[in-house]
Amino acid sequence: MKGQGFMLKMSEEVQASGKKEGKIDWIKRYGSNACVFDTLVDVLEADDNKLIAVGKFEKACPKYACHHGYACGDMYFLKIDPADGTTLIEKKHRNFTDQWWAGGNSVIKMDDGYAVGGKIRSNKNTVTNSAVWKLNNNGQMVWKWEGTARKQGNSHIQEYVRAITLSHDSNSILAVGYTRFYKNVRNQKSNMMVWSMDLNGNAKWGKKYEIGGTAQRITRYKNNHYLLLRGKYFFEMDSNGVLIE
């Protein structure tokens, strides 16, 4: 069976004995079964109590078939009715007319829409790059930001956004993930990275931390600081991207 994104909604049910158990209200599949891996990666509740989900809508690349979640597709945005899982809005974004890869990994609410973090790739000869999209409440694209991934000699400098959040003052978006130096399968190294941009998608700063791995989550913390999650470790960061010893 070819893959589709899916969502499961549960509620709490009290048994006659008084024991509480989870009850499945509905399970729905989203996307198309034409390719292999349509995916939903993150979900939140909108201000109107509807559900917003983001992921990747996969499709065959030019001259290629579907590639098991690896190759072509669009950043996938859905607005869903929580009562029964019905799709209310469906949008697919890729930014460029020739872009063959785009996917969303994290979505947050803004005052006038949503921000989505993920990664993009324009064709098989280019480097995977970090990306953040600003969407309005109907899922239409307002702006997009992309990182500084590039080819450097025979090496690829890749980037990838894993999660995003609003700054404490709500004047900036912070995106976390990794940058990867890639020469071949045996010669690659990843480092945590954090990017900051204003609410119009203009880059403010980017920080690479030479401690290996990838930042998987970012959480606002006390004193205008943030916590970065990398595997089983947490790192504390100030509002300028400086790690606290």
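Mentor: Start with a definition. Buried means under 20% relative accessible area, exposed means over 50%, and partly exposed lies in between. Keep in mind that this is a predicted model.

Now take Asp48. Its relative accessibility is 38%, so Asp48 counts as partly exposed. Its partner is Lys79. The two side chains meet in a salt bridge, with 2.7 Å from N to O. Asp48 sits in the loop between strand 3 (39-45) and strand 4, while Lys79 belongs to strand 5. The pair therefore ties together parts that are 31 residues apart in sequence. Lys79 has a relative accessibility of 12%, so Lys79 counts as buried.

Next, look at Ile52. Lys79 is one of the residues that Ile52 touches, leaving aside residues up to four places away in sequence. Other contacts of Ile52 include Val43, Leu44, Phe77, Leu78, Val107 and Tyr114.

Ile52 also leads us into the largest nonpolar core. That core has 15 residues. Ile52, Phe77, Val107, Tyr114, Val116 and Trp133 touch the most other members. Which elements give two or more residues to this core? They are strand 4 (51-58), strand 5 (73-80), strand 7 (101-110), strand 8 (113-121) and strand 9 (129-135). A second, separate core has 14 residues, among them Ile108, Met110, Val132 and Trp143.

Back to salt bridges, for comparison. The whole structure holds 12 of them. One joins Lys56 to Glu58, with the closest N and O atoms 3.7 Å apart. Both Lys56 and Glu58 are buried. Another brings together the side chains of Lys144 and Glu146, at 2.5 Å from N to O. Lys144 has a relative accessible area of 31%, so Lys144 is partly exposed. Glu146 is at 28% relative accessibility and therefore counts as partly exposed too. Elsewhere, salt bridges link Lys9, Lys23 and Asp25 in a network.

Key. Residues are numbered from 1 along each chain as its sequence is written. This is a predicted model: local features need pLDDT of at least 70, side-chain atom pairs count only at pLDDT 80 or more; totals for chains, interfaces and linings use all residues. Side-chain values use heavy atoms; hydrogens and water are left out. A nonpolar core is a set of buried Ala, Val, Leu, Ile, Met, Phe, Trp, Tyr and Cys residues joined through side-chain atoms within 4.5 Å. Buried means under 20% relative accessible area, exposed over 50%, partly exposed in between (1.4 Å probe, protein chains only). Helices (H or I, at least four residues) and strands (E, at least two) are DSSP runs, numbered from the N terminus. Contact means heavy atoms within 4.5 Å. A salt bridge is a side-chain nitrogen of Lys or Arg within 4 Å of a carboxyl oxygen of Asp or Glu.
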